[in-house]
Amino acid sequence: MDKQLDYDNITNALFQDSVNADAAEIHGIMCGMLCGGMSLTDQKWQSVLADTTNEGEAFSQRLGFKLEQLYSQTCEQLLEGEFSLQMMLPDDQTPINDRGVALINWVQGFMLGFGLHQQDLMQCSADIKEALNDFSDISRMEEPMDADEASEKALYEVVEYVKVSALLCFSELGGSLLDDQKDTPSVH
């Protein structure tokens, strides 16, 4: 992952611009919108992010450029499929509870973005409904984790589950992205 687009760099840029979100939440919102069926060419994501995380104020040009890069990278990863999605989370050297909080922020952001673009859950498969229920449970986790191997393994497994579930949502509901891709040679 580009150093310019890692969790710390994006979170610091958000903090410098007084945005009330970390990189995990911002990335979760982006992924949720895309996985909920938002079109690749739909540029409304910028105003949605500003409305939900910056009190409706437009982002600075510097931050807007970073977020554009993150959006493009996210689209490319989702289109690649398989296990290419890199969730915007702190690195493994960060204390486990900080990583857990970031995961919760990512999942809450995902659910927000997903809900903005997919209100009809009746058309969703049972697997997606189950994943969204699990996301709801994950978003409410409050238990502090011990800094031990079992907790590390559990956190890793939850992160992988969230990633696979997001890709499942995208493969089922993000078809409009693939339709746009035929007309749009590059995401950059």
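Predicted model: local features only at pLDDT ≥ 70, side-chain atom pairs only at ≥ 80, totals over all residues.

Q: Good to know. Which way does helix 2 pass helix 5 then, left-handed or right-handed?
A: Helix 2 passes helix 5 in a right-handed crossing. Helix 2 covers residues 23-35, and the two pack at an angle of about 30° with their axes 6 Å apart.

Q: Which residues make that contact?
A: From helix 2 they are A24, E25, H27, G28, I29, C31, G32, M33 and C35. Helix 5 brings A102, N105, W106, G109, F110, L112, G113, F114 and H117. By class, the contact of helix 2 with helix 5 has 10 nonpolar residues, seven polar and one charged.

Q: And how do helix 5 and helix 7 sit together, in terms of angle?
A: Their axes cross at roughly 15° and come within 11 Å. Angles under 35 degrees count as roughly parallel, and helix 5 and helix 7 are therefore roughly parallel to each other. Helix 5 passes helix 7 in a left-handed crossing.

Q: What about helix 6 against helix 7, what angle do they pack at?
A: Helix 6, residues 126-139, packs with helix 7 at about 140°, with the axes 10 Å apart. Helix 6 and helix 7 are therefore oblique to each other. Their crossing is left-handed. The residues of this contact divide into 11 nonpolar, one polar and four charged.

Q: Switching topic: how big is the largest pocket?
A: The largest pocket has a volume of about 550 Å³. It is lined by 20 residues, and the closest to its centre are M87, L89, P90, D91 and D92.

Q: Which helices supply at least two residues of its lining?
A: Helix 1 (7-16), helix 5 (96-117) and helix 7 (149-173) each do. Helix 7 gives the most, with six residues.

Q: Last one: how many charged residues are in that lining?
A: There are nine charged residues in the lining of the largest pocket, along with 10 nonpolar and one polar.

Conventions. Residues numbered from 1 in each chain as written. Heavy atoms only, no water. 1 Å grid on protein atoms, 1.4 Å probe; cavity = no way out; pocket = protein on both sides within 12 Å on 5 of 7 lines; lining within 4 Å. Points joined across faces, edges and corners; volume = space filled by probe spheres on them. Helix = DSSP H or I, 4+ residues; strand = E, 2+ residues; numbered from the N terminus. Nonpolar A, V, L, I, M, F, W, Y, C, P; charged D, E, K, R; others polar. Axes fitted to C-alpha atoms, helices over the stretch in contact; angles between N-to-C directions. Parallel < 35°, antiparallel > 145°, perpendicular 65-115°, else oblique. Left-handed = near helix turned anticlockwise from the far one by under 90°. Contact = heavy atoms within 4.5 Å.
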